[in-house]
Amino acid sequence: MPFQPTRAMVLAAGFGIRLRPLTLDRPKALVQVAGRALVDHTLDRLAASGIETAVVNLHYKGNSLRQHLATRKQPKIILSDETAELLDTGGGVAKALPLLGVDPFYVLNCDIVWRDARENSLLRLAERWDDAAMDALLLLQPTVSAIGYRGIGDFNMDPGGWLTRRAEGMVAPFVFTGVQILHPRLFRDCPAGAFSLNKLYDRAAEAGRLYGLRHEGDWMDVGTPAGLQAAEAALAPVRR
């Protein structure tokens, strides 16, 4: 039977500094695109993919997010409260590990929106997962076609999906979408407190256990007002 995660984590605790002034009165996760809060775009995707439980971390204006999520029926929401200390991406997931179980799980950023070409990207990731070879499997978008993204990419990917970091001063062909499957063993001996998932990606890459999958469809970085505007324009035809 094909592997399919049943749990996911949504990273929603950040300050949303790049989205100011939109985040002066609300958390980034509650900024709207195409008439719906960013966190709901993400949770809708998870629900449609059969995810039973989603852990959502909160920090900045956490009570607003808490109240908003109380209205959701699917998936089941468990909150990971980082009010006392913002833990960054890696520390946030590490804190939530007891809520995520012993099997591989999805982790998604909340400041992204994507459309699939034909197949469900979350299910494609699950089909690609190879537990014997991987500690992390990242969904990647070709850098040149990323909507609202102004960076120079993150990774190189070989034909087998093995990832290496972009060399300094170079443009990489792929940007990380913020959608991934991680195994709990990736966090073995991880730092205490706040740290970035990038630290664990680098460790997995050195061990040859960091893999990628090319996204088939559109991907939008809505972490800035310009990116948000670009996403609104890209999604407008769908809403007519």
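Buried means under 20% relative accessible area, exposed over 50%, and partly exposed in between, with a 1.4 Å probe and protein chains only. This is a predicted model: local features need pLDDT of at least 70, side-chain atom pairs count only at pLDDT 80 or more, and totals for chains, interfaces and linings use all residues. Residues are numbered from 1 along each chain as its sequence is written, and side-chain values use heavy atoms, with hydrogens and water left out. Helices (H or I, at least four residues) and strands (E, at least two) are DSSP runs, numbered from the N terminus.

**Exercise 1. Helix H1**

List the buried residues of helix H1 (residues 38-48).

Solution. 
- Step 1: The buried residues of H1 are Leu38, Val39, Asp40, His41, Thr42, Leu43 and Leu46.
- Step 2: Thr42 is in helix H1. At 1% relative accessibility, Thr42 counts as buried.
- Step 3: Leave out residues up to four places away in sequence; Thr42 then touches Val10, Leu108, Asn109, Cys110 and Ile112.
- Step 4: With that exclusion, Leu46 touches Ala8, Val10, Ile51, Ala54, Tyr106, Leu108 and Leu122.
- Step 5: Just after H1, Gly50 takes a positive phi of about 85 degrees.

**Exercise 2. Nonpolar cores**

Find the residues that touch the most other members of the largest nonpolar core. A nonpolar core is a set of buried Ala, Val, Leu, Ile, Met, Phe, Trp, Tyr and Cys residues joined through side-chain atoms within 4.5 Å.

Solution. 
- Step 1: The largest core has 35 residues.
- Step 2: Val39, Leu46, Leu65 and Tyr106 touch the most other members.
- Step 3: A second, separate core holds 26 residues, including Val55, Leu200, Tyr201 and Ala204.

**Exercise 3. Pockets**

On a 1 Å grid over the protein atoms alone, a pocket is an open set of points where a 1.4 Å probe fits, with protein on both sides within 12 Å along at least five of seven lines; lining residues have an atom within 4 Å of a point. Points are joined across faces, edges and corners, and a volume is the space filled by probe spheres set on them.

Solution. 
- Step 1: The largest pocket has a volume of about 850 Å³. Of its 35 lining residues, Arg18, Lys28, Thr89, Asn109 and Asp111 are closest to its centre.
- Step 2: H3 (88-100), E11, helix H5 (197-206) and strand E13 (217-221) each supply at least two residues of this lining. E11 gives the most, four residues.
- Step 3: Sort by class: Ala, Val, Leu, Ile, Met, Phe, Trp, Tyr, Cys and Pro are nonpolar, Asp, Glu, Lys and Arg charged, and the others, Gly among them, polar. The lining of the largest pocket divides into 17 nonpolar, ten polar and eight charged.
- Step 4: The second largest pocket has a volume of about 170 Å³. Its lining includes Ala34, His41, Thr42 and Trp114.
- Step 5: H1 gives the largest share of that lining, four residues. By class, the lining of the second largest pocket has five nonpolar, two polar and three charged residues.

**Exercise 4. An aromatic pair**

Describe the geometry of the Phe15 and Tyr60 rings. Rings of Phe, Tyr and Trp (its six-membered ring) pair if their centres lie within 6.5 Å; planes under 30 degrees apart count as stacked, over 60 as edge-to-face and the rest as tilted.

Solution. 
- Step 1: The count by this rule is three aromatic pairs.
- Step 2: The centres of Phe15 and Tyr60 are 5.4 Å apart and the planes at 55 degrees, so the pair is tilted.
- Step 3: Phe15 counts as partly exposed at 34% relative accessibility, whereas Tyr60 counts as buried at 15%.

Note on methods: Contact means heavy atoms within 4.5 Å.
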